[in-house]
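User: Please take a close look at the sheet in this model and at what surrounds it. I would like one connected account.

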Amino acid sequence: MTQRHIFARAAVIAALLLVRSTSADVLPDDRADVFYSKYSGGGMDITGYSATARAKITENFAVEANYFIDKVSGASIDVLSQASVIKDERRQKSGTIEYLRDKTTYTASYTSSVERDYISDTASFGLSQDMFGDLTTVTLGFSESHNTVGENNGTANDPNVAWIGHAISRAYSGGVSQILTKNFIAGVNLQVITDAGYLANPYRSIRYLDPSNPKGYSLGDQVYPDTHTSTAVQVQGKYYLPYRAAVTALYRYYNDTWGMVGNTYELDYTHPIRNRWIFEGRVRYYKQNAASFYSDLFPYADSQNFVARDQNLAAQDNTTVGGKVTYAFLPDGWKIFKRGTVTFDVSRIRFNYLDFRNIKYYGVPQYTPGTEPLYNFNANVFQVFLSVYF
Amino acid sequence: MLSTSTLLKRCAMAAIVVASTAFAAGGDASGPAPAFTLTTLAGQPSGLSAYKGQVVMVNFWATWCGPCQQEMPLLDQMYKKYKPAGFTLIGVNVDKEAPAVKELLTRKPVSFPVLLDPANQVSKAYHVDEMPSSVIIDRKGQIRYIHRGYKPGDENDYQDRIRQLIRE
Amino acid sequence: MRCRQMLLSGTVLGALVLSSGCSIQPWVKPYERDRLADPIMAWDRDAISSAYLDHIRESREGSRGATGGAGGGCGCN
């Protein structure tokens with residue numbers, strides 16, 4: 001159940017993000033995709049199914065709809081009171097409209113995500129403006145999300161959900177993309193996100209040293225601030241190699257009012273073979289420090305105003321190595337289809353926590369509380385999707 | 001120093017003036033059409049001089065340009081319709097490599113002459129600042145109209161202009 | 001106050017210059033965009049896949065935001 005909340009909240013954030021890949025000269029081709037994904041790692045298995053379709057109603061007006069289902073199963077690694085087996089499902093629907101006028105594209109979208117113990121609704125607006133001989137594109141965006149957080153006090157098969165809080169998230173974004181040469185495009189994005197309300201994960205607890213407890217520690221409730229503001233800046237560049245390939249590099253800097261600083265580095269290489277195949281490889285490294293009120297083990301109860309032991313706030317790094325292959329089974333179209341492709345994408349991610357300890361070793365005699373080995377695990381992400389263009 | 005609100009008002013007015021002079025899809029133009037000689041896909045030389053005395057539309061296009069592909073069949077129809085009246089359409093292709101052009105024209109052939117401008121000399125001479133661009137030249141060799149970009153329905157605009165120049 | 005006014009007028013002036021293109025001409029011509037129009041030069045060929053990967057990362061990492069890209073392409077119309 002714990003992981004679910006985080007996944008749901010992440011989906012909300014994803015919905016808040018900058019409008020992906022826009023170019024304000026013509027609206028993109030009509031397209032439909034069916035998508036399957038599987039994430040396994042840290043004792044969790046999450047299967048996702050999705051269908052998306054977009055179509056131009058007129059030359060200047062397009063609509064897009066997406067439906068996504070996430071199914072989770074697995075043992076929750078970080079709920080200590082009971083090692084409960086989770087089975088849960090999240091459904092997400094979203095609709096987007098795009099309007100192109102001269103060199104400006106206006107976008108509006110709405111996303112709704114529902115699961116047993118978390119409901120989220122997001123509305124987003126974006127604007128993309130081409131200028132300076134179509135060499136420069138400026139984007140602006142605003143998004144607002146209303147979330148209702150619940151806690152399941154029953155079991156997976158016999159739930160009993162209590163609604164415990166609300167949160168509102170607002171994201172403000174801006175970006176500039178600039179064509180520098182015939183071969184090189186660069187961009188910078190800025191996004192400020194503010195959240196207010198109930199911001200904690202109800203399934204996580206803190207632990208503190210407690211000599212009166214035979215285990216040496218006791219559990220307690222997390223106490224989170226009721227506001228959070230973050231700023232992220234990403235710079236990226238994409239370069240065309242003369243033999244027809246592309247290399248992308250990006251760096252993102254993140255910091256927030258909870259004391260976290262995160263740095264992301266990514267390098268991608270794309271290599272096509274004529275009109276049929278596109279191969280892509282990626283390497284990504286991420287590192288963050290812990291939030292100021294995070295600790296894996298507090299010295300005693302009520303030691304601080306704000307206390308958290310949520311892994312997301314822990315000092316950590318992760319490394320991803322991934323690859324993607326796209327095969328065009330319809331490279332030049334057939335009847336109403338302009339193109340048809342099938343894509344496989346695999347990623348392997350190594351997660352390392354620098355100050356979050358492995359629950360598996362809690363209570364093991366040779367490890368006193370606070371000396372258990374640090375937690376780390378590998379995750380595999382697999383995606384396959386079929387895309388047709390009209 | 002001006003107050004912030006006055007400054008903002010003046011900047012906003014200036015921005016509106018600039019924005020309102022933004023990009024029209026087509027405009028009357030003038031001046032002699034620069035002469036050029038390019039090669040066809042078959043390697044034969046040809047140029048504007050071959051069509052002296054006719055109304056000529058020079059259409060700049062590329063295999064990688066979506067709106068260009070959209071208008072090609074309509075340009076072909078227009079060419080066939082007005083050719084007997086003394087009209088010619090020259091497709092100047094700006095691709096850097098010929099194979100892609102050959103491949104596209106084999107799959108989707110057109111009947112109007114296609115000339116290759118891989119060094120972009122003619123594009124520069126005609127100050128092409130949008131893809132696709134169509135330059136309409138009268139019987140005397142003067143540029144009369146430049147149409148930038150293509151949106152469905154623009155072919156009606158082309159036909160109006162061509163008919164007007166044919167009658168001259 | 002003066003500093004803010006100067007920053008504001010500087011930004012607006014810069015935007016006006018860019019939008020009117022008065023002093024600098026675009027240095028990549030529309031007929032030179034063949035490489036930029038190549039699908040491999042799109043920031044994001046498959047939004048559904050990138051959104052999913054972002055979703056996975058944000059479910060584990062504390063960071064969020066500023067992903068995605070815009071612009072480039074053929075610049076047609």
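Analyst: From the N terminus on, chain B runs α-β-β-β-β-α-β-α-β-α-β-β-α, that is, five helices and eight strands. Helices (H or I, at least four residues) and strands (E, at least two) are DSSP runs, numbered from the N terminus. The model is predicted: local features need pLDDT of at least 70, side-chain atom pairs count only at pLDDT 80 or more, and totals for chains, interfaces and linings use all residues. Residues are numbered from 1 along each chain as its sequence is written, while chains are lettered from A and ligands numbered from 1 in the order in which they are written.

The eight strands of the open sheet in chain B follow the order S1-S8-S7-S4-S5-S6-S2-S3, with mixed pairing; two strands pair if DSSP finds at least two bridges between them. At the edges stand S1 (26–28) and S3 (45–47) of chain B, each pairing on one side only. Neighbouring strands of this sheet are turned by 30° against each other on average, direction ignored.

Within the sheet, S4 (residues 55–61) and S5 (residues 87–93) of chain B pair in the parallel sense over seven bridges. B:Val56 has B:Thr88 as its bridge partner in S5(B). Across S4 and S5 of chain B lies helix H2 (residues 66–82), running at about 155° to S5(B). Axes are lines fitted to C-alpha atoms, for helices over the stretch in contact, and angles run from 0 to 180 degrees between N-to-C directions; contact requires C-beta atoms, placed from the backbone, within 7 Å.

For chain B as a whole, 70% of the contacts between residues at least 6 apart in sequence join residues at least 24 apart.

Note on methods:
Contact = placed C-beta atoms within 7 Å.
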